[in-house]
Amino acid sequence: MTTPHSPSGDFDVTAGDPPVPLATWRTPRDPAAPPHHVPEALAARLCAAYSHPGDPIIDMIGEPSVAAAAAAYGRHHLPATVHDLIHLLPVEQPIAALVLLRWPPIPPVPDRVTVEHVIAGVRWLLRPGGCLAVLADLTAGPVNLGTIVGAAARHGLRYLQHVVAIDADIVGDRLTTDSVPVPPARHARVHRDVLVFTRPRPDDVDRGAP
């Protein structure tokens, strides 16, 4: 796993206590792909940044780009669904180095299934030091980043990094996109937010790490 530097000096951070390192990735999407498509570049960077070769990756996004990235980087790709997670019981030996989740999910789930339920299940799968990456996808429906952060905190996951994944093309000094504004927004969205959390290792907890 790639651990960001401590947010000091001139680092960009997301407000919080403590502040969370903010990263910007350029991950252009295929203009011919549907709006919810996860770009190959984004899937590859998530696999490379938050796991090692041979690690198990649990994929609840379920797109070919994720499976292809896992194979290319030598990870064990384990597909799963949101329904698998909400019915999960505690496991003695959690295996996942990385869990990838899109929220809201595609296809949609009933309103009674909340991100709180899903993250509770993820918590039992993540091994200490493992990461959960949540792709906040406005193309799938409304999403409140604060709700995701709060649910993760309540289940013992530490907010590790906020990634701004720019999926528009950059021509000169301009961002260009074929996306259209989604009401009530007045401007086309050119990025996706990825919230990355980690399950602290026992020694982190003993040291009182946030």
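This is a predicted model: local features need pLDDT of at least 70, side-chain atom pairs count only at pLDDT 80 or more; totals for chains, interfaces and linings use all residues.
Q: Which residues have the most contacts inside the largest nonpolar core?
A: Those residues are Met60, Val118, Leu132 and Phe197, and the core they belong to has 27 residues.

Q: And which helices and strands each supply at least two residues of this core?
A: They are α3 (82-86), β5 (96-103), α4 (115-125), β6 (126-136), α5 (145-154) and β10 (191-198), and the largest share, 5 residues, comes from α4.

Q: What does Val118 touch, not counting residues up to four places away in sequence?
A: Val118 touches Met60, Val82, Leu85, Ile86, Leu101, Trp103 and Val113.

Q: OK, which residues in α4 are buried?
A: In α4 the buried residues are Val115, Val118, Ile119, Gly121, Val122 and Leu125.

Q: Why are they on the same side of α4?
A: They are on the same side because they cover an arc of only 160° around the axis of α4.

Q: What covers them?
A: The cover over the buried residues of α4 includes β3 (56-59), α3, β5, β6 and α5.

Q: Switching topic, where is Arg75?
A: Arg75 sits in the loop between α2 (64-72) and β4 (76-79).

Q: Which backbone oxygen does the side chain of Arg75 reach, then?
A: It reaches the backbone oxygen of His52, at 3.4 Å, and His52 is also one of the residues in contact with Arg75 beyond its neighbours within four places in sequence, including Cys47, Pro53 and Ala70.

Definitions and conventions
Residues are numbered from 1 along each chain as its sequence is written. Side-chain values use heavy atoms; hydrogens and water are left out. Helices (H or I, at least four residues) and strands (E, at least two) are DSSP runs, numbered from the N terminus. A polar contact is a pair of N or O atoms within 3.5 Å; within protein, one must be able to donate a hydrogen and the other to accept it, and residues adjacent in sequence count only if both atoms are side-chain atoms. Contact means heavy atoms within 4.5 Å. A nonpolar core is a set of buried Ala, Val, Leu, Ile, Met, Phe, Trp, Tyr and Cys residues joined through side-chain atoms within 4.5 Å. Buried means under 20% relative accessible area, exposed over 50%, partly exposed in between (1.4 Å probe, protein chains only). The arc is that of the directions from the helix axis to the C-beta atoms.
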